[in-house]
Amino acid sequence: MQTPTIRPAGEQAAAPRKMNRLGRTAVASGVVVMVAMGGLGAAEAAPANVKAQKTTVFTPKHQGYVTPKAKRKAGILHAQVKLKGKYPKYYPMPWSWKVTNKKLKSIARGPMKCVAKGLNGKYHDTHPSIPVGYVWHSKVGSKAHPHKAKKVYGLSGTCVFPVQVGNKTGKATVGYYFKYAINPGKKARASVGDPTVTSKVVLNK
């Protein structure tokens, strides 16, 4: 899908046909413009439609996940759970997230602040200042806060960074929500569901 062009707030009324190419665009009294990047909805970083997302189930035959090429409009998520040989029974899940959208990277004017949450509020990871395009990585699941087999969990991540488009400054927010479960059974059936990803650019007046 072709990455759309971002236009400052002052231009939205002059060329309505060009604005249509942005997908879902919201304008608040000409003060800010929220622009959908790469065809993604201009929505909050923690999507509201996560219940509709299919659950990825990790099994001994399916121990890893990576965002397929067709879904990499904003970034790439990797996740893995070891379920063969010797492995901790708290089922740690190393994961990584990388912003890959070229338009987002080209308008970035500073580092990202990224926050991840999971395990029903028991897991947090914060990176206060990392480059846009950096491979943000962490691990969810520990002895103190383990995963439980067959239970469905959600992992969310949000990155915010300053941007500039022409003479307009603002901020970009990129977020994902990954719904998953871990089934160590030898006859367990795997399933794959892609994370819900949203991005938003807000330009100041």
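Among contacts in the protein with a separation of 6 or more, 64% join residues 24 or more positions apart. Contact here means heavy atoms within 4.5 Å. This is a predicted model: local features need pLDDT of at least 70, side-chain atom pairs count only at pLDDT 80 or more, and totals for chains, interfaces and linings use all residues. Residues are numbered from 1 along each chain as its sequence is written, and side-chain values use heavy atoms, with hydrogens and water left out.

Start with the parts list. The protein has 2 helices and 12 strands. Both kinds of element are DSSP runs, numbered from the N terminus: helices are H or I with at least four residues, strands are E with at least two. From the N terminus on, the order is α-β-β-β-β-β-β-α-β-β-β-β-β-β.

Now look at one sheet. Strands of a sheet pair through backbone hydrogen bonds, either parallel or antiparallel. Here 4 strands form an open sheet in the order β4-β5-β6-β9, with antiparallel pairing. β4 (64-66) and β9 (136-140) stand at the edges with a single partner strand each, so one side of each has no neighbour in the sheet. From one strand to the next, the twist averages 10°. That angle is taken between axes, which are lines fitted to C-alpha atoms (for helices, over the stretch in contact), and runs from 0 to 180 degrees between N-to-C directions. Two strands count as paired if DSSP finds at least two bridges between them. Strand β6 (residues 93-99) and β9 have 5 bridges. P94 has K139 in β9 as its bridge partner.

Next, go inside. Buried residues make up 45% of the 205 residues. Buried means under 20% relative accessible area, exposed over 50%, and partly exposed in between (1.4 Å probe, protein chains only). In soluble globular proteins, nonpolar side chains tend to be buried together. The largest nonpolar core holds 40 residues, and F58, W95, W97 and F178 touch the most other members. Such a core is a set of buried Ala, Val, Leu, Ile, Met, Phe, Trp, Tyr and Cys residues joined through side-chain atoms within 4.5 Å. Beyond its neighbours within four places in sequence, W97 contacts residues including L77, W136, Y176 and C159.

A search of the whole structure finds 1 disulfide, meaning a pair of cysteine sulfur atoms within 2.5 Å. C114 and C159 form this link, their sulfur atoms 2.1 Å apart. The pair joins distant parts of the chain, 45 residues apart: C114 lies in strand β7 (residues 112-118), C159 in strand β10 (residues 153-165). Both cysteines, C114 and C159, are buried.
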